Amino acid sequence: MRKQVELYESSGGKEGYLLDGTDMPCVLFTHIGVKSGALRKTPVMRVEVDGAYVLIGSMGGQPQNPAWVANLRASPDITLRDREQVFEMTVREVDDPAEREKLWAAAVAAYTDYDAYQAKTDRVIPVFVAEQR
């Protein structure tokens with residue numbers, strides 16, 4: 001993941017924006033570690049809905065959330081890179097069932113494995129939406 005992040009950033013978003021070995025695009029978001037206070041950079045699948053970005057805390061269907069979920073819950077302001085565009089955004093966790101269903105469907109349309117990941121775990125996979133500040 002580190003090499004992908006470095007390539008994505010060093011190329012200004014012209015390289016490293018595809019999930020390794022696929023033709024599926026990713027976005028890169030920068031956030032603050034809740035425990036360390038350090039900047040963290042995380043690539044996730046690109047899911048854009050009506051000018052907002054959907055971030056899915058799947059961790060491949062593992063029993064625990066990825067660390068970045070706690071980071072976003074504690075500090076919701078992020079920077080998001082979508083190839084050559086960079087946005088200052090605020091995230092919120094989606095709790096409304098109808099909104100969550102719409103955003104989950106968009107995420108699955110972008111990356112069908114999300115449904116399989118949800119089936120693998122007992123936890124409800126967190127869904128966040130990032131909107132421009």
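Which residues of α2 are buried?

The structure is a predicted model, in which local features need pLDDT of at least 70 and side-chain atom pairs count only at pLDDT 80 or more, while totals for chains, interfaces and linings use all residues. Residues are numbered from 1 along each chain as its sequence is written, and side-chain values use heavy atoms, with hydrogens and water left out.

View 1. Trp68, Val69, Asn71 and Leu72 are the buried residues of α2, where buried means under 20% relative accessible area, exposed over 50% and partly exposed in between, with a 1.4 Å probe and protein chains only. Seen down the axis of α2, these residues fall within an arc of 160 degrees and therefore line one face of the helix, the arc being that of the directions from the helix axis to the C-beta atoms. An α-helix has 3.6 residues a turn, so residues three or four places apart point the same way. The buried residues of α2 pack against β1 (26–32), β2 (39–45), β4, β5, β6 and β7 (127–132), a contact being heavy atoms within 4.5 Å. Helices (H or I, at least four residues) and strands (E, at least two) are DSSP runs numbered from the N terminus.

**View 2. Strand β1 and its two partners, β2 and β5.** β1 is mostly covered, with six of its seven residues buried. Seven bridges join β1 to β2 in the antiparallel sense; Ile32 stands opposite Leu39, and Phe29 has Thr42 as its bridge partner. The hairpin of β1 and β2 has six residues between the strands, and in this hairpin Gly37 takes a positive phi near 75 degrees. Towards β5, β1 pairs antiparallel over three bridges, with Thr79 as the bridge partner of Thr30.

**View 3. The largest nonpolar core around Val54.** This core has 18 residues, and those with the most contacts inside it are Val54, Ile56, Leu103, Trp104, Tyr114 and Val127. A nonpolar core is a set of buried Ala, Val, Leu, Ile, Met, Phe, Trp, Tyr and Cys residues joined through side-chain atoms within 4.5 Å. Two or more residues come from each of β4, α3 (97–110), α4 (113–120) and β7, and α3 gives the largest share, four residues. Not counting residues up to four places away in sequence, Val54 touches Met45, Val47, Val49, Leu103, Val127 and Phe128. A second, separate core of 15 residues includes Phe29, Leu55, Leu72 and Leu80.

**View 4. Positive phi at Met59 and Arg83.** Most residues other than glycine have a negative phi. Arg83, in the loop between β5 (77–82) and β6 (85–93), has a positive phi near 55 degrees, and its relative accessible area of 35% makes Arg83 partly exposed.

Methods
Two strands pair if DSSP finds at least two bridges between them.
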